[in-house]
Amino acid sequence: MKHERRYRSTGGGGGLNRLRIAPYLQILLGLAILAAVIWFLYAVVYPVSRNLAHGISPFATQTPIGATPVPSPTPSPTPDPAADHPLYTSDLTAVQREIVIPEYQYLADPFVYDGKIYFVAGNYTIDGTAAFVRLVTYSPESALHNFLALPLTYKSIRYPVMNEKWIVYLDATASGGGRIAAFNRITQQAYTIKTVHVGMPKPQLMGDIAIWMERTGQSRDKLFACDLNTGETVTLEIYDNSEYGMSDPCVFDDTLYYVDPDGKLTAWTLSSNDKRIIETGTYVHDPKCNGNYLAYLSANHGEDSELMLVTDDGIVPVASGVYDFALGDTFLAYSRYNRNYVYFPADGTTFCTTRSDETSMVIGAGEKYLIWMDVTWRDKDISEFMIIE
């Protein structure tokens, strides 16, 4: 009896499995599936997890659907206004110069007038104090100097001021007091304006008028003005037991700037008798004005005082801890913690002008010149200057 053979399929009975390339096609299919998984992880899963990590909605997109992507602008650095100043690249050792007057050991009370620097000069005397006996005219360009011997009744010439007709100064004793004197540069004549019993007033000069603050009693100060042509002296303000009497006035053209007995910064144009109050909102001490800038200290010289600049937009604090300051044509100069700085109101930049291995103190400024004393070595006075542009 014959048996019929029957065959059972073991699977894959499709047509592809019968092809010899079937294994290769299966490999390609696997690779395609793997690529799809990788794309899904990169295009979907990774952005969602990144947004979640940054606290963004998981479905947020960087570019709205249908919008054309716009590349982010490349950030550009903000220009530094300090770089426009010659001081930015200056070698301080090259642009700073010492003022040497071989005939005298000490210089004091500098001011700038008509492109020249003026000092009083002197030496130590037998009692151990300096006597400033000459007014020195110093030319910054040539480094040449000459002397003017002003009439001296007491010991020292102090705080001279000058215009085209007059030199006004304090002829002082060693302990304070003396006389305020005027020297007529045209007639070469000198006379006493007023006898001073205590203190050392710093006169100011407005045309033919000398102005100064003076202690006249145990607790009284007076603001005086004197007509130099007639010798007539008048009292402008009286300060009774007031700390504002310790603040020196200043003048520019025909306007007097001072602190009144109520502590208000006052501008008084004497020619028209127009007086106005400048609101500051702070304590005011020793205002100074040169026509370009009006500035003052917010305390009486010390670590708690700020240098304040009066502008059309209000009061601008320049620096704190300022001991004293001076004004140039384009800058404010001040001392702070034994170092000197210049501040340019035009762009708000500040430069330190003291060399790294030195200490110094501003003693004057005017026009384009900054003048200071190098106090690194205390065994002698070293006065220096530089041009600030």
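L223 touches I211, W212, M213, V234, T235, L236, E237, Y239, P249, L256 and Y258, leaving aside residues up to four places away in sequence; contact here means heavy atoms within 4.5 Å. This is a predicted model, in which local features need pLDDT of at least 70 and side-chain atom pairs count only at pLDDT 80 or more, while totals for chains, interfaces and linings use all residues. Residues are numbered from 1 along each chain as its sequence is written, and side-chain values use heavy atoms, with hydrogens and water left out.

**Nonpolar cores**

- L223 is also among the residues with the most contacts inside the largest nonpolar core, together with I211, L256, Y257, L265, I278 and L294.
- That core has 24 residues; a nonpolar core is a set of buried Ala, Val, Leu, Ile, Met, Phe, Trp, Tyr and Cys residues joined through side-chain atoms within 4.5 Å.
- At least two core residues come from each of β11, β12, β13 (233–240), β14 (250–252), β15 (255–259), β16 (265–269), β19 (294–297) and β20 (306–311).
- β15 gives the largest share, four residues.
- Another core, of 16 residues, lies apart from this one and includes W166, L170, A172 and I193.

- Strands are DSSP runs (E, at least two residues), numbered from the N terminus.
- Five of the seven residues of β11 (residues 209–215) are buried, where buried means under 20% relative accessible area (1.4 Å probe, protein chains only).
- β11 runs antiparallel to β10 (residues 204–206), joined by three bridges; two strands pair if DSSP finds at least two bridges between them.
- Q204 stands opposite I211 of β11.
- The hairpin of β10 and β11 has two residues between the strands, and G207 takes a positive phi near 65° there.
- β11 is also joined to β12 (residues 220–227), again antiparallel, by seven bridges.
- M213 has L223 of β12 as its bridge partner.
- Four residues lie between β11 and β12 in their hairpin.

**The four-stranded sheet**

- An open sheet with antiparallel pairing has the strand order β22-β23-β24-β25.
- β22 (322–327) and β25 (349–352) each have a single partner strand, so one side of each edge strand is left without a neighbour in the sheet.
- From one strand to the next, the twist averages 25°, with axes fitted as lines to C-alpha atoms and angles running from 0 to 180 degrees between N-to-C directions.
- β22 and β23 (residues 332–336) pair over four bridges.
- L327 has L332 in β23 as its bridge partner.

Conventions. Buried < 20%, exposed > 50% of the residue type's maximum accessible area, 1.4 Å probe, protein only.
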